[in-house]
Amino acid sequence: MPQQISPRGTFLKIADAVKSQIEADDEMTELPSVADLMSDHGISRGVALRAFGVLKEAGIAEPVPGGRWRVIRGSDRADRRPLAERIAEVFITDGLKVGEPFPSASALSDRFGASRPTVAKALSKLEAAGLLSEAQQGKPRTVRALPD
């Protein structure tokens, strides 16, 4: 008997099945391996990878370099936008105006839970965009323009 093609897409059904597994098991920290999905559901590697992609887009899982995919839960689902974008919101949340001092790299490091070198890179991007003055020894950065 020939198999019928699912109108919804097999990879979406597999993603839903894995999502159900995650919701049912609070202890689950890793997704099944690609090989396990292929074996359990009789699918190809490509279908398994597309299912993982759906879970990634939904913010349910993320790949771990050199390892399996990890489940993202609750507080781990924090803002995953680039740090420069999140720091750019400081202009609005802190009510900064042109000419006012911008928070230091140390203060931003504590605020966003990122290392100072990472914050410095993000601040460099904001400087390049013309939003902040350049960093100088002993002088705080100042707001040059407000983001759109």
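**The largest nonpolar core**

Modeller: Buried residues account for 32% of the 148 residues in the protein chain. Keep in mind that this is a predicted model.

Start with the core itself. The largest nonpolar core has 18 residues. Those with the most contacts inside it are Ile 87, Phe 91, Phe 102, Leu 108, Val 119, Leu 123 and Leu 126. Four helices each supply at least two residues of this core: α4 (83–88), α5 (90–93), α6 (105–112) and α7 (116–128).

Now zoom in on Phe 102. Leaving out residues up to four places away in sequence, Phe 102 touches Ile 87, Val 90, Phe 91, Leu 96, Leu 108, Leu 123, Leu 132, Arg 141, Thr 142 and Val 143. Ile 87, Phe 91, Leu 108 and Leu 123 are among these partners, and those four also belong to the group with the most contacts inside the core.

There is a second, separate core. This one has 17 residues, including Ile 14, Ile 22, Ala 51 and Phe 52.

Step back to the whole chain. The protein chain has seven helices and two strands, in the order α-α-α-β-β-α-α-α-α. Its C-alpha trace spans about 75 × 30 × 25 Å along the principal axes. The radius of gyration is 22 Å, whereas a compact globule of 148 residues would have one near 15 Å. Of the contacts between residues at least 6 apart in sequence, 45% join residues at least 24 apart.

Last, the surface. The protein chain exposes about 9800 Å², and carbon and sulfur atoms supply 51% of that area.

Key
Residues numbered from 1 in each chain as written. Predicted model: local features only at pLDDT ≥ 70, side-chain atom pairs only at ≥ 80, totals over all residues. Heavy atoms only, no water. Rg over C-alpha atoms; globule rule 2.2 N^0.38 Å. Buried < 20%, exposed > 50% of the residue type's maximum accessible area, 1.4 Å probe, protein only. Contact = heavy atoms within 4.5 Å. Areas by Shrake-Rupley, 256 points an atom, 1.4 Å probe, with all protein chains shown as cover. Core = buried A, V, L, I, M, F, W, Y, C linked by side-chain atoms within 4.5 Å.
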